[in-house]
Structures are given as structure tokens and as C-alpha cells.
Amino acid sequence: MSFPNTRLRRLRTNPAIRAMVEENSLSPADFIAPLFIVEGNGVKEEIESMPDYFRYSLDRLQSELDELAEVGIRSVLLFVKVPDEKKDNKGTEALNDSGLMQESIRFIKESHPEFFIMTDIALDPYSSYGHDGIVEDGEILNDETVAVLAKMSVSHAKAGADMVAPSDMMDGRIGEIRKALDEAGFSNTGIMAYSAKYASSFYGPFRDALDSAPGFGDKKTYQMNPANLQEALREVEQDIEEGADIVMVKPGMPYLDVVKAVSDNFNIPVSVYNVSGEYAMIKASAKQGWLNEEETMMESLLAFKRAGADLIATYFAKEAAKIINR
Ligand code: PBG
């Protein structure tokens, strides 16, 4: 039936009918809150390129965790900033059972046992070269890196991590991590695979946050070419076969077609990473008075759900949850 019998505006007449026919919605349970943790005491420092977002030392993290819990967020994704003197080319510090990441996991498990703790698995914050893997003659070694990532995952599991999140894009890492976790008795520790992670310039502010920018070259030999979609489906398929529990697409806003294709083609929870550059764009325009921060934030988060994402890792998690709850 077409016009005038059909008038689609009838379903937009007022807030009540709009709410009745709404197809997608956001809930605080959809969000994963990334946290940046630093060594030391009394540290809560704003990240210059990520306004209103902070690095915390563990003693200052408590109040942030309390606030997240209060708004209904229970899932956190941990990143640590490692001082230069602890960086090398082998990820030695990543395997330190008393390292900052491992201590952070124990701290959160103790103070907020209801939280679901996910941890970043990649060598870049620990690497003197700022690359996600071990470097030799200017190349990023695959299998040697995977062996370290598997050990790193076990170390996080031992400290109490609920799920590890490999963000490195080495081949075969999901299978090796799964095997290592199982052999160490952690068959219940999950894996959220950054399956379709693109070599993106939208990661800039994150690399400022962790001082983890690559010292030479770029990440194009391991992260995906932004031109490709079919390849993303191959990556996802492999990670599922190797034992991933959740697959991720990253970045988010410029890659909604990838989120949609993954969610249409596979029966597995899909997460999307609303990355630092996407956050910075909205924050910067809002500070200029050029965009309405609250509205553009909520609109972009909702778009992820419409594209088929089940979970959203976002620096807006707390602010958005507050708005949903009010
Ligand atoms: C590192 C990692 C990166 C992000 C998450 N894990 C950066 C990179 O690959 O260089 C980016 C997150 C963001 O930009 O918000 N393996």
C-alpha cells in the first residue's frame, strides 16, 4: 500500500508511539568501560587528546569503579601504561605475575567482585618499539609473539581475569591462547577476539594515553586494510573456529558495515570498539559548540546496536549510562 493509504509519519506522531515502535535501544549492560591504569599513587590525570577521560593509579581507581557500578556498568576492559624502563622487545614485563596489569586485576576482583574483568592482550604497551609483537629486522614476528601472548593470557587468568581480549592481530593467536588457558586449568576464562581490527588512524589518542605509538613504520602488516570487508569475515570465521567467545570489530563508526556483515553472518556475540578518535571527534566539536555532545554520543551508540552489535566498548560508557538511567 502506498500513499495516501500509507502515511509513515503516523508512527512518529508523539513520543509514546515513537517509543512503541522503536526497534533498537541501549542499556548500561551493553557497555564495556575501558580503563587506563598507571603506576604510582594519587594519580588521576586527564588524557590531553581525550577530554574528560583519565589515567588512574590503583588507589584513585576505587571511586571510578564505584561510579561505574552505580550507573549499572559491570564490565571493564583494562589497559596499563608501562614506564619506558620496563619496556623491551620480548614483552618481559607483560609476563610479570606481579606487574601492574596483574595487580589491577586482583585489586578490582577484591574491591568489586561483581565486575566482569576483561584485559588487553598485545605487546604494544610493553614494547620498546611500540609494536604489538616481537620485532626482528624491522618485521613483526608472528609465532614467537603468539607464544608470549598465550603466556600473558595465562598470567592474567591466574590473577583473576574473566576474559582476555587479544588486540594484536597475529595469526593463530586465539587457538594458542585457548590451548594455553585450558592446559593451565582456566577453561572458564573466555576470549574476546579483536577479530576485525583495522590499521586505523582513529587510534591516535589511545596511543597518547598509553605512550604506545609505533616507534617505526605502521601496523599495516598485522592490522587490516580499511578497504576490505570479505577479509573481515575470514578473520571472524577463523577466530570462532579457534575458540573465540565474542568477536570484535574495531574501529566502530566508520566500520558499521563490517559490524552488520559480521552479525548477519555468524551466531556469536559481536562487540564493537568505539575508539579513542571517535570519542575525541565528538568531544572536540562539542567543546567548540559545534555539536551537541549528549545527542551525538547517544545517536552514535544507538547506531552500533542498529548495525547488530551486542556489546560496545566505549569511553562514553559512564556518561551514556547516566543518561539512559535518568
Ligand atoms: C593495542 C590497542 C590499540 C587500541 C586498543 N588496543 C591501539 C593500536 O592498535 O595501536 C585502540 C583503542 C582506541 O583507539 O580507543 N593493541
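Let's start in strand β3, where D52 is found; strands here, like helices, are DSSP runs numbered from the N terminus (E, at least two residues, for strands; H or I, at least four, for helices). D52 is not a glycine, yet its phi is positive, about 70°. Most residues other than glycine have a negative phi, and most peptide bonds are trans.

Before going on, a word on the model: it is predicted, with local features needing pLDDT of at least 70 and side-chain atom pairs counting only at pLDDT 80 or more, while totals for chains, interfaces and linings use all residues. Residues are numbered from 1 along each chain as its sequence is written, and side-chain values use heavy atoms, with hydrogens and water left out.

Two peptide bonds also deserve a look. The bond from F3 to P4 is cis, with omega near 10°, and P4 belongs to the segment before α1 (15–20). Another cis bond joins K250 and P251, with omega about -10°; P251 sits in the loop between β10 (246–250) and α8 (256–265).

K250 brings us to the ligand. Around the ligand are 18 residues, of which K197, R207, K219, K250 and Y315 come nearest; a residue counts as near if one of its heavy atoms lies within 4 Å. This shell divides into 8 nonpolar, 3 polar and 7 charged residues. In that count, Ala, Val, Leu, Ile, Met, Phe, Trp, Tyr, Cys and Pro are nonpolar, Asp, Glu, Lys and Arg are charged, and the others, Gly among them, are polar.

Now for the polar contacts, pairs of N or O atoms within 3.5 Å. A side-chain N or O atom of Y315 is 2.6 Å from an oxygen atom of the ligand. Q223 places a polar side-chain atom 2.8 Å from a ligand oxygen, and S167 has one 2.8 Å from a ligand nitrogen. Taken alone, the ligand exposes 400 Å², and the protein buries 100% of that (accessible areas by the Shrake-Rupley method with a 1.4 Å probe).

Y315 leads on to the aromatic rings. The whole structure holds 14 aromatic pairs, meaning rings of Phe, Tyr and Trp (its six-membered ring) with centres within 6.5 Å; planes under 30 degrees apart are stacked, over 60 edge-to-face and the rest tilted. The rings of Y53 and Y315 have centres 5.0 Å apart and planes at 85°, so this pair is edge-to-face. The pair links distant parts of the chain, 262 residues apart: Y53 is in strand β3 (residues 50–57), and Y315 is in the loop between β12 (311–314) and α11 (317–325).

Note on methods: Polar contact = N/O pair within 3.5 Å; in protein donor to acceptor, adjacent residues only side chain to side chain.
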